Amino acid sequence: MALMALAIVVIALVFFVFRRITGKRATMADSSGGEVKGSRRRRRLPPGSMGWPYIGETFQLYSSNPNDFFAEKQRRYGAVFKTHMLGCPCVMVSSPAAAKFVLVTKAHLFKPTFPASKERMLGPQAIFFQQGEYHARLRRLVLRAFMPDAIRAKIAGVEEIAVRTLSSCDGRFINTFQEMKTYAFNVALMSIFGTEERSRIEELRQCYYTLEKGYNSMPVNLPGTLFHKAMRARRQLGLVVAKIISSRRESGTTDLHHHHPDRAHSDDLLASFMEAKESLSDNQIADNIIGVIFAARDTTASVLTWILKHLAENPAILQAVAEEQDEIRRHKDQIEGAQEKSDLNWADTKKMPITCRVIQETMRVASILSFTFREAVEDVEYEGFLIPKGWKVLPLFRNIHHSSHHFPDPEKFDPSRFEVAPKPNTYMPFGSGTHACPGNELAKLEILVLLHHITTKYRWSICGSTAGIQFGPFVLPRDGLPARIERLR
Ligand code: HEM
(Lines give C-alpha, C1' and ligand atoms only; values in the text may rest on other atoms or scores of the structure.)
Protein backbone atom coordinates (compact mmCIF):
# COMPACT_ATOMS: atom_id res chain seq x y z
CA MET A 1 0.00 0.00 0.00
CA ALA A 2 2.78 2.41 1.03
CA LEU A 3 4.65 1.55 -2.16
CA MET A 4 1.58 2.19 -4.23
CA ALA A 5 1.02 5.54 -2.53
CA LEU A 6 4.65 6.47 -3.19
CA ALA A 7 4.31 5.45 -6.82
CA ILE A 8 1.23 7.64 -7.18
CA VAL A 9 3.02 10.64 -5.70
CA VAL A 10 5.98 10.08 -8.03
CA ILE A 11 3.72 9.74 -11.06
CA ALA A 12 1.82 12.88 -10.10
CA LEU A 13 5.05 14.84 -9.70
CA VAL A 14 6.46 13.59 -12.99
CA PHE A 15 3.21 14.63 -14.65
CA PHE A 16 3.38 18.05 -13.08
CA VAL A 17 7.01 18.68 -14.03
CA PHE A 18 6.32 17.45 -17.54
CA ARG A 19 3.39 19.82 -17.90
CA ARG A 20 5.47 22.73 -16.63
CA ILE A 21 8.22 21.95 -19.14
CA THR A 22 5.93 21.50 -22.10
CA GLY A 23 3.85 24.47 -21.06
CA LYS A 24 0.73 22.43 -21.60
CA ARG A 25 -0.85 23.20 -18.28
CA ALA A 26 -4.57 22.74 -18.57
CA THR A 27 -6.80 25.54 -17.46
CA MET A 28 -6.72 25.51 -13.71
CA ALA A 29 -9.72 26.69 -11.84
CA ASP A 30 -9.46 27.75 -8.26
CA SER A 31 -10.17 24.79 -6.13
CA SER A 32 -12.46 26.43 -3.65
CA GLY A 33 -14.97 28.79 -5.16
CA GLY A 34 -15.64 27.08 -8.45
CA GLU A 35 -15.86 30.10 -10.73
CA VAL A 36 -13.77 30.94 -13.75
CA LYS A 37 -13.06 34.63 -14.23
CA GLY A 38 -11.33 36.66 -16.90
CA SER A 39 -12.32 36.76 -20.54
CA ARG A 40 -15.03 34.18 -20.01
CA ARG A 41 -18.19 35.47 -18.50
CA ARG A 42 -18.68 34.26 -14.96
CA ARG A 43 -19.93 30.73 -15.12
CA ARG A 44 -19.96 28.21 -12.36
CA LEU A 45 -17.83 25.13 -12.41
CA PRO A 46 -19.63 21.98 -11.28
CA PRO A 47 -19.56 21.36 -7.50
CA GLY A 48 -16.89 19.13 -5.98
CA SER A 49 -13.48 19.35 -4.39
CA MET A 50 -10.12 19.42 -6.14
CA GLY A 51 -8.03 17.97 -3.29
CA TRP A 52 -4.37 18.79 -2.75
CA PRO A 53 -2.40 20.85 -5.23
CA TYR A 54 -1.09 18.78 -8.17
CA ILE A 55 -1.90 15.42 -6.65
CA GLY A 56 -5.56 16.28 -6.36
CA GLU A 57 -7.68 13.42 -5.16
CA THR A 58 -5.58 10.70 -6.75
CA PHE A 59 -4.75 9.37 -3.31
CA GLN A 60 -8.33 8.97 -2.20
CA LEU A 61 -9.18 7.40 -5.54
CA TYR A 62 -6.48 4.75 -5.28
CA SER A 63 -6.76 4.14 -1.56
CA SER A 64 -10.36 2.96 -1.85
CA ASN A 65 -12.34 1.08 -4.43
CA PRO A 66 -12.75 3.67 -7.24
CA ASN A 67 -16.41 2.82 -7.52
CA ASP A 68 -17.06 3.66 -3.88
CA PHE A 69 -15.07 6.85 -4.31
CA PHE A 70 -17.25 7.98 -7.24
CA ALA A 71 -20.50 6.85 -5.60
CA GLU A 72 -19.68 8.86 -2.47
CA LYS A 73 -18.92 11.94 -4.56
CA GLN A 74 -22.15 11.56 -6.44
CA ARG A 75 -24.10 11.37 -3.17
CA ARG A 76 -22.46 14.57 -1.99
CA TYR A 77 -22.42 16.70 -5.09
CA GLY A 78 -24.98 15.29 -7.52
CA ALA A 79 -24.67 13.78 -10.99
CA VAL A 80 -22.07 16.22 -12.38
CA PHE A 81 -19.08 17.05 -10.18
CA LYS A 82 -15.46 18.11 -10.47
CA THR A 83 -12.32 16.53 -9.07
CA HIS A 84 -8.60 16.46 -9.84
CA MET A 85 -6.60 13.33 -10.63
CA LEU A 86 -3.05 12.60 -11.79
CA GLY A 87 -2.43 16.22 -12.60
CA CYS A 88 -5.67 16.75 -14.52
CA PRO A 89 -8.80 18.66 -13.53
CA CYS A 90 -11.81 16.46 -14.33
CA VAL A 91 -15.57 16.61 -14.51
CA MET A 92 -17.36 13.36 -13.72
CA VAL A 93 -20.77 12.80 -15.22
CA SER A 94 -23.02 10.13 -13.79
CA SER A 95 -26.54 10.74 -15.10
CA PRO A 96 -27.90 9.18 -18.30
CA ALA A 97 -28.67 12.63 -19.73
CA ALA A 98 -25.15 13.99 -19.07
CA ALA A 99 -23.53 10.84 -20.50
CA LYS A 100 -25.65 11.20 -23.63
CA PHE A 101 -24.62 14.88 -23.90
CA VAL A 102 -20.91 14.00 -23.77
CA LEU A 103 -20.90 10.80 -25.83
CA VAL A 104 -23.69 11.35 -28.35
CA THR A 105 -25.26 14.78 -28.86
CA LYS A 106 -22.15 16.90 -28.30
CA ALA A 107 -19.58 14.22 -29.06
CA HIS A 108 -17.68 16.60 -31.37
CA LEU A 109 -16.90 18.84 -28.37
CA PHE A 110 -15.31 16.00 -26.41
CA LYS A 111 -12.32 14.25 -27.92
CA PRO A 112 -10.99 10.90 -26.72
CA THR A 113 -7.90 11.25 -24.57
CA PHE A 114 -5.26 8.81 -23.36
CA PRO A 115 -1.87 9.23 -21.69
CA ALA A 116 0.74 9.86 -24.41
CA SER A 117 2.68 6.70 -23.44
CA LYS A 118 -0.38 4.50 -24.06
CA GLU A 119 -1.02 6.18 -27.37
CA ARG A 120 2.56 5.51 -28.48
CA MET A 121 2.37 1.93 -27.36
CA LEU A 122 -0.89 1.06 -29.08
CA GLY A 123 -0.27 3.18 -32.16
CA PRO A 124 -1.12 6.88 -32.49
CA GLN A 125 -3.22 6.32 -35.63
CA ALA A 126 -5.56 3.80 -33.99
CA ILE A 127 -9.28 4.44 -34.04
CA PHE A 128 -9.73 5.22 -30.30
CA PHE A 129 -7.62 8.36 -30.44
CA GLN A 130 -9.31 9.91 -33.47
CA GLN A 131 -12.10 12.32 -34.15
CA GLY A 132 -13.80 13.69 -37.25
CA GLU A 133 -13.33 12.44 -40.80
CA TYR A 134 -10.43 9.99 -40.26
CA HIS A 135 -12.28 8.45 -37.32
CA ALA A 136 -15.49 8.05 -39.35
CA ARG A 137 -13.54 6.40 -42.17
CA LEU A 138 -11.86 3.92 -39.86
CA ARG A 139 -15.12 3.17 -38.14
CA ARG A 140 -16.85 2.26 -41.38
CA LEU A 141 -14.04 -0.19 -42.17
CA VAL A 142 -14.11 -1.76 -38.70
CA LEU A 143 -17.90 -2.04 -38.69
CA ARG A 144 -17.84 -3.68 -42.12
CA ALA A 145 -15.77 -6.52 -40.67
CA PHE A 146 -17.81 -6.88 -37.45
CA MET A 147 -21.41 -6.28 -38.50
CA PRO A 148 -23.75 -9.24 -38.18
CA ASP A 149 -23.54 -10.14 -41.88
CA ALA A 150 -19.77 -10.46 -41.70
CA ILE A 151 -19.53 -12.32 -38.43
CA ARG A 152 -22.24 -14.86 -39.17
CA ALA A 153 -19.71 -16.37 -41.56
CA LYS A 154 -17.34 -16.72 -38.63
CA ILE A 155 -19.49 -18.85 -36.34
CA ALA A 156 -17.88 -22.12 -37.39
CA GLY A 157 -14.43 -20.66 -36.70
CA VAL A 158 -15.49 -19.29 -33.31
CA GLU A 159 -17.08 -22.62 -32.38
CA GLU A 160 -13.97 -24.55 -33.30
CA ILE A 161 -11.90 -22.26 -31.05
CA ALA A 162 -14.43 -22.62 -28.18
CA VAL A 163 -14.42 -26.43 -28.42
CA ARG A 164 -10.62 -26.49 -28.50
CA THR A 165 -10.32 -24.11 -25.54
CA LEU A 166 -12.67 -26.16 -23.39
CA SER A 167 -11.14 -29.50 -24.20
CA SER A 168 -7.70 -28.12 -23.32
CA CYS A 169 -9.12 -27.22 -19.87
CA ASP A 170 -10.73 -30.63 -19.29
CA GLY A 171 -9.79 -32.11 -15.93
CA ARG A 172 -7.52 -29.20 -14.99
CA PHE A 173 -7.39 -26.51 -12.35
CA ILE A 174 -7.38 -23.32 -14.35
CA ASN A 175 -7.10 -19.59 -13.96
CA THR A 176 -10.39 -18.81 -15.67
CA PHE A 177 -9.37 -15.33 -16.79
CA GLN A 178 -6.15 -16.59 -18.40
CA GLU A 179 -8.00 -19.29 -20.36
CA MET A 180 -10.68 -16.84 -21.46
CA LYS A 181 -7.97 -14.43 -22.58
CA THR A 182 -6.50 -17.11 -24.81
CA TYR A 183 -9.96 -17.83 -26.20
CA ALA A 184 -10.74 -14.16 -26.90
CA PHE A 185 -7.27 -13.64 -28.39
CA ASN A 186 -7.73 -16.53 -30.81
CA VAL A 187 -11.18 -15.33 -31.86
CA ALA A 188 -9.81 -11.80 -32.39
CA LEU A 189 -6.88 -13.08 -34.48
CA MET A 190 -9.20 -15.22 -36.60
CA SER A 191 -11.58 -12.32 -37.23
CA ILE A 192 -8.70 -10.02 -38.16
CA PHE A 193 -6.51 -12.32 -40.26
CA GLY A 194 -8.70 -15.27 -41.20
CA THR A 195 -7.05 -18.64 -40.81
CA GLU A 196 -3.96 -18.26 -42.96
CA GLU A 197 -0.44 -17.08 -42.16
CA ARG A 198 -0.22 -19.24 -39.05
CA SER A 199 3.49 -18.89 -38.44
CA ARG A 200 3.45 -15.09 -38.71
CA ILE A 201 0.46 -14.99 -36.40
CA GLU A 202 2.40 -17.02 -33.83
CA GLU A 203 5.19 -14.44 -34.02
CA LEU A 204 2.62 -11.69 -33.58
CA ARG A 205 1.21 -13.46 -30.54
CA GLN A 206 4.63 -13.62 -28.87
CA CYS A 207 5.27 -9.91 -29.50
CA TYR A 208 1.86 -9.06 -28.14
CA TYR A 209 2.61 -10.88 -24.86
CA THR A 210 5.74 -8.75 -24.42
CA LEU A 211 3.80 -5.60 -25.23
CA GLU A 212 1.18 -6.55 -22.66
CA LYS A 213 3.74 -7.01 -19.88
CA GLY A 214 4.99 -3.45 -20.31
CA TYR A 215 1.65 -1.81 -20.96
CA ASN A 216 1.02 -0.73 -17.38
CA SER A 217 4.64 -0.14 -16.46
CA MET A 218 6.17 3.26 -15.74
CA PRO A 219 6.74 4.95 -19.11
CA VAL A 220 10.52 5.13 -18.82
CA ASN A 221 12.11 4.23 -22.14
CA LEU A 222 15.52 3.03 -20.92
CA PRO A 223 17.12 -0.28 -21.95
CA GLY A 224 16.11 -3.08 -19.60
CA THR A 225 12.78 -1.59 -18.50
CA LEU A 226 9.52 -3.36 -19.24
CA PHE A 227 8.40 -0.25 -21.07
CA HIS A 228 11.44 -0.37 -23.34
CA LYS A 229 10.86 -4.05 -24.12
CA ALA A 230 7.20 -3.33 -24.82
CA MET A 231 8.08 -0.52 -27.23
CA ARG A 232 10.50 -2.83 -29.04
CA ALA A 233 7.80 -5.50 -29.25
CA ARG A 234 5.46 -2.85 -30.59
CA ARG A 235 7.83 -2.05 -33.46
CA GLN A 236 8.19 -5.75 -34.15
CA LEU A 237 4.40 -6.10 -34.26
CA GLY A 238 4.25 -3.38 -36.89
CA LEU A 239 6.78 -5.30 -38.99
CA VAL A 240 4.89 -8.58 -38.71
CA VAL A 241 1.64 -6.92 -39.79
CA ALA A 242 3.51 -5.30 -42.71
CA LYS A 243 4.78 -8.75 -43.79
CA ILE A 244 1.27 -10.20 -43.68
CA ILE A 245 -0.02 -7.25 -45.72
CA SER A 246 2.62 -7.65 -48.39
CA SER A 247 2.09 -11.37 -48.73
CA ARG A 248 -1.63 -10.74 -49.19
CA ARG A 249 -0.87 -8.12 -51.78
CA GLU A 250 1.36 -10.54 -53.62
CA SER A 251 -1.27 -13.23 -53.69
CA GLY A 252 -3.66 -10.57 -55.06
CA THR A 253 -6.69 -11.58 -53.03
CA THR A 254 -7.68 -8.18 -51.74
CA ASP A 255 -8.98 -6.57 -54.88
CA LEU A 256 -12.55 -5.56 -54.17
CA HIS A 257 -13.74 -6.81 -57.55
CA HIS A 258 -12.01 -10.17 -57.47
CA HIS A 259 -13.24 -11.76 -54.31
CA HIS A 260 -12.58 -15.43 -53.93
CA PRO A 261 -15.64 -16.65 -52.09
CA ASP A 262 -13.74 -19.67 -50.85
CA ARG A 263 -11.03 -17.54 -49.31
CA ALA A 264 -11.27 -17.60 -45.53
CA HIS A 265 -10.21 -13.98 -45.25
CA SER A 266 -12.44 -12.30 -47.83
CA ASP A 267 -14.38 -10.57 -45.06
CA ASP A 268 -11.87 -10.30 -42.26
CA LEU A 269 -10.73 -7.00 -40.79
CA LEU A 270 -7.40 -6.91 -42.61
CA ALA A 271 -9.21 -7.31 -45.94
CA SER A 272 -11.56 -4.49 -44.96
CA PHE A 273 -8.59 -2.20 -44.25
CA MET A 274 -6.70 -3.23 -47.39
CA GLU A 275 -9.73 -2.71 -49.62
CA ALA A 276 -10.42 0.80 -48.33
CA LYS A 277 -11.26 3.16 -51.21
CA GLU A 278 -9.00 5.87 -49.84
CA SER A 279 -6.16 3.61 -49.03
CA LEU A 280 -4.58 3.40 -45.59
CA SER A 281 -0.83 3.25 -45.07
CA ASP A 282 0.71 0.07 -43.64
CA ASN A 283 1.34 1.99 -40.41
CA GLN A 284 -2.27 3.05 -40.14
CA ILE A 285 -3.39 -0.53 -40.70
CA ALA A 286 -0.94 -1.89 -38.10
CA ASP A 287 -1.95 0.67 -35.46
CA ASN A 288 -5.58 -0.24 -35.93
CA ILE A 289 -5.07 -3.98 -35.94
CA ILE A 290 -3.07 -3.87 -32.73
CA GLY A 291 -5.70 -1.52 -31.30
CA VAL A 292 -8.52 -3.91 -32.11
CA ILE A 293 -6.70 -6.84 -30.49
CA PHE A 294 -6.23 -4.69 -27.42
CA ALA A 295 -9.92 -3.67 -27.36
CA ALA A 296 -11.19 -7.18 -27.99
CA ARG A 297 -9.28 -9.48 -25.70
CA ASP A 298 -9.29 -8.56 -22.00
CA THR A 299 -12.75 -7.02 -22.20
CA THR A 300 -14.42 -10.15 -23.54
CA ALA A 301 -12.33 -12.39 -21.27
CA SER A 302 -13.31 -10.52 -18.12
CA VAL A 303 -17.01 -10.59 -19.01
CA LEU A 304 -16.76 -14.37 -19.57
CA THR A 305 -14.95 -14.81 -16.26
CA TRP A 306 -17.68 -12.91 -14.41
CA ILE A 307 -20.41 -14.93 -16.15
CA LEU A 308 -18.83 -18.23 -15.08
CA LYS A 309 -18.62 -16.94 -11.51
CA HIS A 310 -22.25 -15.79 -11.41
CA LEU A 311 -23.49 -19.05 -12.91
CA ALA A 312 -21.49 -21.11 -10.42
CA GLU A 313 -22.97 -19.10 -7.56
CA ASN A 314 -26.56 -19.19 -8.84
CA PRO A 315 -27.48 -22.84 -9.51
CA ALA A 316 -31.09 -22.06 -10.49
CA ILE A 317 -29.93 -19.60 -13.14
CA LEU A 318 -27.27 -22.03 -14.35
CA GLN A 319 -29.93 -24.69 -14.70
CA ALA A 320 -32.19 -22.39 -16.72
CA VAL A 321 -29.28 -21.55 -19.05
CA ALA A 322 -28.27 -25.21 -19.38
CA GLU A 323 -31.85 -26.19 -20.24
CA GLU A 324 -32.08 -23.50 -22.89
CA GLN A 325 -28.79 -24.67 -24.43
CA ASP A 326 -29.68 -28.37 -24.14
CA GLU A 327 -32.90 -27.69 -26.00
CA ILE A 328 -30.94 -26.21 -28.92
CA ARG A 329 -28.57 -29.18 -28.90
CA ARG A 330 -31.45 -31.73 -28.80
CA HIS A 331 -33.23 -29.99 -31.60
CA LYS A 332 -30.11 -29.96 -33.77
CA ASP A 333 -29.34 -33.59 -33.06
CA GLN A 334 -32.87 -34.57 -34.11
CA ILE A 335 -32.66 -32.72 -37.40
CA GLU A 336 -29.13 -33.58 -38.29
CA GLY A 337 -29.07 -37.14 -37.06
CA ALA A 338 -27.44 -37.92 -33.77
CA GLN A 339 -23.93 -37.02 -34.80
CA GLU A 340 -21.38 -35.52 -32.49
CA LYS A 341 -20.68 -32.74 -34.97
CA SER A 342 -23.68 -30.46 -35.30
CA ASP A 343 -22.49 -26.93 -35.67
CA LEU A 344 -24.25 -23.91 -34.27
CA ASN A 345 -25.65 -21.49 -36.79
CA TRP A 346 -26.76 -17.87 -36.65
CA ALA A 347 -30.43 -18.80 -36.09
CA ASP A 348 -29.47 -20.93 -33.06
CA THR A 349 -27.77 -17.96 -31.45
CA LYS A 350 -31.05 -16.04 -31.73
CA LYS A 351 -32.83 -18.66 -29.63
CA MET A 352 -30.93 -17.99 -26.41
CA PRO A 353 -32.93 -15.30 -24.56
CA ILE A 354 -32.16 -16.57 -21.06
CA THR A 355 -28.45 -16.82 -21.80
CA CYS A 356 -28.53 -13.33 -23.36
CA ARG A 357 -30.07 -11.89 -20.21
CA VAL A 358 -27.32 -13.49 -18.12
CA ILE A 359 -24.76 -11.76 -20.33
CA GLN A 360 -26.59 -8.43 -20.07
CA GLU A 361 -26.91 -8.63 -16.30
CA THR A 362 -23.27 -9.64 -15.88
CA MET A 363 -22.16 -6.66 -17.94
CA ARG A 364 -24.34 -4.39 -15.81
CA VAL A 365 -23.16 -5.71 -12.43
CA ALA A 366 -19.48 -6.02 -13.39
CA SER A 367 -19.40 -2.85 -15.57
CA ILE A 368 -15.86 -3.79 -16.55
CA LEU A 369 -15.31 -0.43 -18.23
CA SER A 370 -16.36 1.58 -15.19
CA PHE A 371 -15.89 4.84 -17.07
CA THR A 372 -14.26 6.33 -20.12
CA PHE A 373 -12.23 9.50 -20.73
CA ARG A 374 -12.90 12.48 -22.95
CA GLU A 375 -11.42 15.99 -23.06
CA ALA A 376 -13.36 19.20 -23.74
CA VAL A 377 -12.03 20.74 -26.99
CA GLU A 378 -13.54 24.13 -26.08
CA ASP A 379 -15.41 25.63 -23.14
CA VAL A 380 -18.69 23.77 -22.95
CA GLU A 381 -21.75 24.62 -20.93
CA TYR A 382 -23.90 21.88 -19.49
CA GLU A 383 -27.01 22.70 -17.43
CA GLY A 384 -25.52 26.03 -16.38
CA PHE A 385 -22.14 24.55 -15.44
CA LEU A 386 -18.92 25.36 -17.26
CA ILE A 387 -16.71 22.53 -18.43
CA PRO A 388 -13.50 24.41 -19.30
CA LYS A 389 -11.47 23.63 -22.42
CA GLY A 390 -8.77 21.04 -21.70
CA TRP A 391 -10.54 19.46 -18.74
CA LYS A 392 -11.06 15.72 -18.75
CA VAL A 393 -14.65 14.52 -18.74
CA LEU A 394 -15.45 11.05 -17.44
CA PRO A 395 -18.84 9.45 -18.07
CA LEU A 396 -19.23 7.01 -15.15
CA PHE A 397 -20.92 3.96 -16.70
CA ARG A 398 -20.75 1.94 -13.53
CA ASN A 399 -22.52 4.53 -11.40
CA ILE A 400 -25.33 4.69 -13.94
CA HIS A 401 -25.57 0.87 -14.05
CA HIS A 402 -25.63 0.73 -10.25
CA SER A 403 -28.21 3.44 -9.67
CA SER A 404 -31.17 2.06 -7.73
CA HIS A 405 -33.30 4.54 -9.58
CA HIS A 406 -32.77 2.72 -12.88
CA PHE A 407 -32.01 -0.77 -11.55
CA PRO A 408 -33.83 -1.59 -8.27
CA ASP A 409 -31.69 -3.53 -5.79
CA PRO A 410 -28.67 -2.80 -8.03
CA GLU A 411 -26.12 -5.06 -6.31
CA LYS A 412 -28.31 -8.13 -6.82
CA PHE A 413 -27.50 -10.38 -9.78
CA ASP A 414 -30.91 -10.82 -11.39
CA PRO A 415 -30.98 -11.47 -15.15
CA SER A 416 -34.79 -11.36 -15.19
CA ARG A 417 -34.65 -7.57 -14.84
CA PHE A 418 -33.75 -7.52 -18.55
CA GLU A 419 -37.10 -9.08 -19.48
CA VAL A 420 -38.06 -5.43 -19.76
CA ALA A 421 -35.72 -3.26 -21.85
CA PRO A 422 -33.77 -0.74 -19.78
CA LYS A 423 -34.63 2.95 -20.15
CA PRO A 424 -32.65 4.87 -22.81
CA ASN A 425 -29.05 5.76 -21.85
CA THR A 426 -29.20 3.85 -18.57
CA TYR A 427 -27.37 0.78 -19.92
CA MET A 428 -24.13 1.30 -21.84
CA PRO A 429 -21.81 -1.69 -21.42
CA PHE A 430 -20.52 -1.03 -24.96
CA GLY A 431 -20.45 2.74 -24.58
CA SER A 432 -22.61 5.04 -26.66
CA GLY A 433 -22.43 7.40 -29.61
CA THR A 434 -19.56 7.96 -32.05
CA HIS A 435 -17.07 5.72 -30.26
CA ALA A 436 -19.47 2.96 -29.12
CA CYS A 437 -17.99 -0.52 -29.39
CA PRO A 438 -17.99 -1.75 -33.01
CA GLY A 439 -17.07 -5.26 -31.78
CA ASN A 440 -20.15 -5.79 -29.65
CA GLU A 441 -21.82 -8.34 -31.99
CA LEU A 442 -18.68 -10.43 -32.14
CA ALA A 443 -18.24 -10.21 -28.37
CA LYS A 444 -21.80 -11.42 -27.77
CA LEU A 445 -21.43 -14.18 -30.33
CA GLU A 446 -18.22 -15.57 -28.87
CA ILE A 447 -19.66 -15.45 -25.35
CA LEU A 448 -22.83 -17.31 -26.44
CA VAL A 449 -20.86 -19.98 -28.29
CA LEU A 450 -18.58 -20.66 -25.34
CA LEU A 451 -21.53 -20.76 -22.94
CA HIS A 452 -23.36 -23.18 -25.22
CA HIS A 453 -20.51 -25.69 -25.04
CA ILE A 454 -19.58 -25.25 -21.42
CA THR A 455 -23.15 -25.56 -20.10
CA THR A 456 -24.10 -28.55 -22.26
CA LYS A 457 -20.91 -30.58 -21.93
CA TYR A 458 -18.94 -29.45 -18.90
CA ARG A 459 -19.20 -28.86 -15.20
CA TRP A 460 -17.04 -26.29 -13.42
CA SER A 461 -16.51 -25.37 -9.81
CA ILE A 462 -14.71 -22.43 -8.28
CA CYS A 463 -11.70 -23.22 -6.10
CA GLY A 464 -11.39 -21.37 -2.81
CA SER A 465 -13.25 -18.26 -1.80
CA THR A 466 -15.40 -16.60 -4.40
CA ALA A 467 -15.28 -13.24 -2.65
CA GLY A 468 -12.91 -10.44 -3.54
CA ILE A 469 -12.11 -8.48 -6.65
CA GLN A 470 -8.99 -7.17 -8.31
CA PHE A 471 -8.24 -4.59 -10.97
CA GLY A 472 -6.20 -5.87 -13.81
CA PRO A 473 -6.92 -3.25 -15.30
CA PHE A 474 -10.54 -4.29 -15.59
CA VAL A 475 -12.40 -5.33 -12.52
CA LEU A 476 -12.06 -9.11 -12.11
CA PRO A 477 -12.82 -11.84 -9.57
CA ARG A 478 -9.83 -12.31 -7.31
CA ASP A 479 -6.89 -14.27 -8.79
CA GLY A 480 -8.71 -14.52 -12.13
CA LEU A 481 -11.23 -17.03 -10.68
CA PRO A 482 -9.34 -20.29 -10.09
CA ALA A 483 -11.66 -23.15 -11.09
CA ARG A 484 -11.78 -26.80 -12.03
CA ILE A 485 -13.42 -27.85 -15.28
CA GLU A 486 -14.49 -31.35 -16.17
CA ARG A 487 -16.26 -32.81 -19.15
CA LEU A 488 -19.54 -34.57 -18.37
CA ARG A 489 -19.27 -38.20 -19.41
C1 HEM B 1 -17.66 -7.78 -23.87
C2 HEM B 1 -16.64 -7.27 -24.49
C3 HEM B 1 -16.46 -5.81 -24.81
C4 HEM B 1 -16.83 -4.70 -24.09
C5 HEM B 1 -17.52 -4.67 -22.73
C6 HEM B 1 -16.44 -3.54 -24.86
C7 HEM B 1 -16.68 -2.22 -24.48
C8 HEM B 1 -16.33 -1.12 -25.23
C9 HEM B 1 -16.65 0.24 -24.88
C10 HEM B 1 -17.40 0.69 -23.62
C11 HEM B 1 -16.16 1.06 -25.85
C12 HEM B 1 -16.30 2.58 -25.94
C13 HEM B 1 -15.17 3.27 -25.23
C14 HEM B 1 -15.32 4.77 -25.24
O15 HEM B 1 -16.37 5.32 -25.61
O16 HEM B 1 -14.36 5.44 -24.84
C17 HEM B 1 -15.51 0.20 -26.83
C18 HEM B 1 -14.86 0.66 -27.96
C19 HEM B 1 -14.24 -0.18 -28.87
N20 HEM B 1 -14.29 -1.55 -28.90
FE21 HEM B 1 -15.15 -2.74 -27.54
N22 HEM B 1 -15.83 -3.95 -26.02
C23 HEM B 1 -15.84 -5.33 -26.04
C24 HEM B 1 -15.36 -6.15 -27.04
C25 HEM B 1 -14.80 -5.72 -28.21
C26 HEM B 1 -14.41 -6.57 -29.31
C27 HEM B 1 -14.59 -8.09 -29.35
C28 HEM B 1 -13.85 -5.76 -30.26
C29 HEM B 1 -13.29 -6.10 -31.61
C30 HEM B 1 -13.60 -7.09 -32.32
C31 HEM B 1 -13.91 -4.40 -29.76
C32 HEM B 1 -13.44 -3.29 -30.44
C33 HEM B 1 -13.60 -1.98 -30.02
C34 HEM B 1 -13.06 -0.82 -30.73
C35 HEM B 1 -12.23 -0.86 -32.01
C36 HEM B 1 -13.46 0.31 -30.01
C37 HEM B 1 -13.14 1.78 -30.35
C38 HEM B 1 -14.24 2.38 -31.20
C39 HEM B 1 -14.06 3.84 -31.53
O40 HEM B 1 -13.23 4.53 -30.90
O41 HEM B 1 -14.74 4.30 -32.45
N42 HEM B 1 -14.50 -4.41 -28.52
N43 HEM B 1 -15.65 -1.12 -26.43
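This is a predicted model: local features need pLDDT of at least 70, side-chain atom pairs count only at pLDDT 80 or more; totals for chains, interfaces and linings use all residues.
Two strands count as paired if DSSP finds at least two bridges between them.

**The β3–β4 hairpin**
- Together they make a hairpin with two residues between the strands.
- L86 sits in that turn and has a positive phi of about 40 degrees.
- Across the pair, H84 stands opposite P89 of β4.

**How covered is β3?**
- In a regular strand, side chains alternate between the two faces of the sheet.
- On one side of β3 you'll find V80, K82 and H84, and on the other F81, T83 and M85, all of them buried.

**Helices α10 and α11**
- α10 (residues 198–215) packs against α11 (residues 226–251) at an angle of about 155 degrees, and their axes are 8 Å apart.
- Angles over 145 degrees count as roughly antiparallel, so α10 is roughly antiparallel to α11.
- The crossing of α10 past α11 is left-handed.
- Sorted by class, their contact has 13 nonpolar, four polar and six charged residues.

**The iron site**
- Which residue is the only protein donor of the ligand's iron atom? That's C437, through SG, at 2.3 Å.
- C437 lies in the loop between α17 (397–401) and α18 (440–457).

Terms used
Residues are numbered from 1 along each chain as its sequence is written. Side-chain values use heavy atoms; hydrogens and water are left out. Axes are lines fitted to C-alpha atoms, for helices over the stretch in contact, and angles run from 0 to 180 degrees between N-to-C directions. Helices (H or I, at least four residues) and strands (E, at least two) are DSSP runs, numbered from the N terminus. Angles under 35 degrees count as roughly parallel, over 145 as roughly antiparallel, 65 to 115 as roughly perpendicular and the rest as oblique. A crossing is left-handed if the near helix is turned anticlockwise from the far one by less than a right angle, and right-handed if clockwise. Ala, Val, Leu, Ile, Met, Phe, Trp, Tyr, Cys and Pro count as nonpolar, Asp, Glu, Lys and Arg as charged, and the others, Gly among them, as polar. Buried means under 20% relative accessible area, exposed over 50%, partly exposed in between (1.4 Å probe, protein chains only). Donors are N, O and S atoms within 2.8 Å of the metal (3.2 Å for Na, K and Ca); water is not among the atoms, so sites may look incomplete.
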